[in-house]
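Work through the exercises below with the structure open. Try each task before you read its solution.

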Amino acid sequence: MIYYFSGDLPKGTDEHAFTRAILKALLKDAGIMDLRIIKDKRQKPYLASREACISLTHTAGFYAAALSKRNIGIDAESESRNIPDSVFKRICAVDELKSLENPVEAYTKKEAEAKYSGEGLAWLLKKKHLKGVEFTVLHLDGYVLSVCEKRRQLHKLKRITLTELDEFI
């Protein structure tokens with residue numbers, strides 16, 4: 001399941017806290033009562049109960065949380081974001097550079113893959129590429145959301161409202 005919100009946040013709202021509120025709404029709807037989220041030594045968030053795997057992303061105007069029985073990584077960026085070639089040279093192997101399609105899609109795939117790996121930015125800078133993972137790329141409200149997982153699956157996708165998040169903010 002993936003819940004997302006696109007739009008302006010209420011004034012003074014912290015992006016990290018808002019994204020966690022989306023996750024808590026998602027967990028509650030999934031019937032997971034233990035909402036405690038902790039991080040491993042590499043700062044990858046996971047549920048204290050280990051009932052499911054989670055991934056979070058936020059960028060100006062877009063916030064999302066994913067829940068899966070298997071490891072998952074998500075990332076989002078504005079479709080209009082300009083990502084310089086120099087960024088790709090730092091995070092992509094030579095063979096990947098040759099096959100770049102839409103730059104924003106390529107960038108969000110790399111970020112989602114890094115989150116899936118659990119190593120984040122350090123992994124990205126090693127120019128690694130995971131074998132045996134698949135991507136789903138969604139275009140939602142002017143944003144690109146990429147999902148990385150072992151086997152692509154159909155996720156329930158829900159655009160959540162501020163009203164639905166009231167109890168979690």
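Helix α4 is followed by Gly118, whose phi is positive, near 85 degrees. Helices (H or I, at least four residues) and strands (E, at least two) are DSSP runs, numbered from the N terminus. This is a predicted model: local features need pLDDT of at least 70, side-chain atom pairs count only at pLDDT 80 or more, and totals for chains, interfaces and linings use all residues. Residues are numbered from 1 along each chain as its sequence is written, and side-chain values use heavy atoms, with hydrogens and water left out.

**Exercise 1. Helix α4**

Task: Why does the span of α4 agree with its 15 residues?

Solution. 
- Step 1: take the rule. The expected span of a helix is 1.5 Å times one less than its number of residues.
- Step 2: apply it. The 15 residues of α4 should span 21 Å, and the end C-alpha atoms are 21 Å apart, so the two agree.
- Step 3: check burial. Buried means under 20% relative accessible area, exposed over 50%, and partly exposed in between (1.4 Å probe, protein chains only).
- Step 4: count. In α4, 12 of the 15 residues are buried, so the helix is largely enclosed by the rest of the structure. Among them are Val104, Tyr107, Lys110, Glu111, Glu113 and Tyr116.
- Step 5: look at the start of α4. There a side-chain oxygen of Asn102 reaches to within 2.9 Å of the backbone nitrogen of Val104.

**Exercise 2. Helix α1**

Task: Which elements do the buried residues of α1 pack against?

Solution. 
- Step 1: set the limits. Helix α1 covers residues 15-29 and reaches 21 Å from its first C-alpha to its last, close to the 21 Å expected.
- Step 2: list the buried residues. They are Phe18, Thr19, Ala21, Ile22, Leu23, Ala25, Leu26 and Leu27.
- Step 3: find their partners. These residues pack against β1 (2-6), β2 (37-39), β3 (45-47), β4 (53-59), β5 (62-68) and α6 (162-165). Contact means heavy atoms within 4.5 Å.
- Step 4: inspect both ends. At the start, a side-chain oxygen of Asp14 comes to within 3.1 Å of the backbone nitrogen of His16. After the helix comes Gly31, with a positive phi near 80 degrees.

**Exercise 3. The largest pocket**

Task: Which element gives the largest share of the lining of the largest pocket?

Solution. 
- Step 1: On a 1 Å grid over the protein atoms alone, a pocket is an open set of points with protein on both sides within 12 Å along at least five of seven lines, and lining residues have an atom within 4 Å of a point.
- Step 2: read the volume. The largest pocket has about 600 Å³. Grid points are joined across faces, edges and corners, and the volume is the space filled by probe spheres set on the points.
- Step 3: go to the lining. It has 25 residues, of which Gln43, Pro45, Leu56, Thr57 and Lys115 lie nearest the centre of the pocket.
- Step 4: assign elements. Two or more lining residues come from each of α1, β4, β6 (72-78), α4 (103-117) and α5 (120-125). Strand β4 gives the largest share, five residues.

**Exercise 4. Loop residues**

Task: Is Arg50 buried or exposed?

Solution. 
- Step 1: locate Arg50. This residue is in the loop between β3 and β4.
- Step 2: read its accessibility. Arg50 is exposed, with a relative accessible area of 58%.
- Step 3: check the backbone. Arg50 has a positive phi of about 60 degrees although it is not a glycine.
- Step 4: turn to Asp34, in the loop between α1 and β2. The C-alpha atoms of Arg50 and Asp34 are separated by 9.6 Å. The side chain of Asp34 makes a polar contact of 2.8 Å with that of Arg36.

Conventions
A polar contact is a pair of N or O atoms within 3.5 Å; within protein, one must be able to donate a hydrogen and the other to accept it, and residues adjacent in sequence count only if both atoms are side-chain atoms. On a 1 Å grid over the protein atoms alone, a cavity is a set of points where a 1.4 Å probe fits but cannot get out, and a pocket is an open set with protein on both sides within 12 Å along at least five of seven lines; lining residues have an atom within 4 Å of a point.
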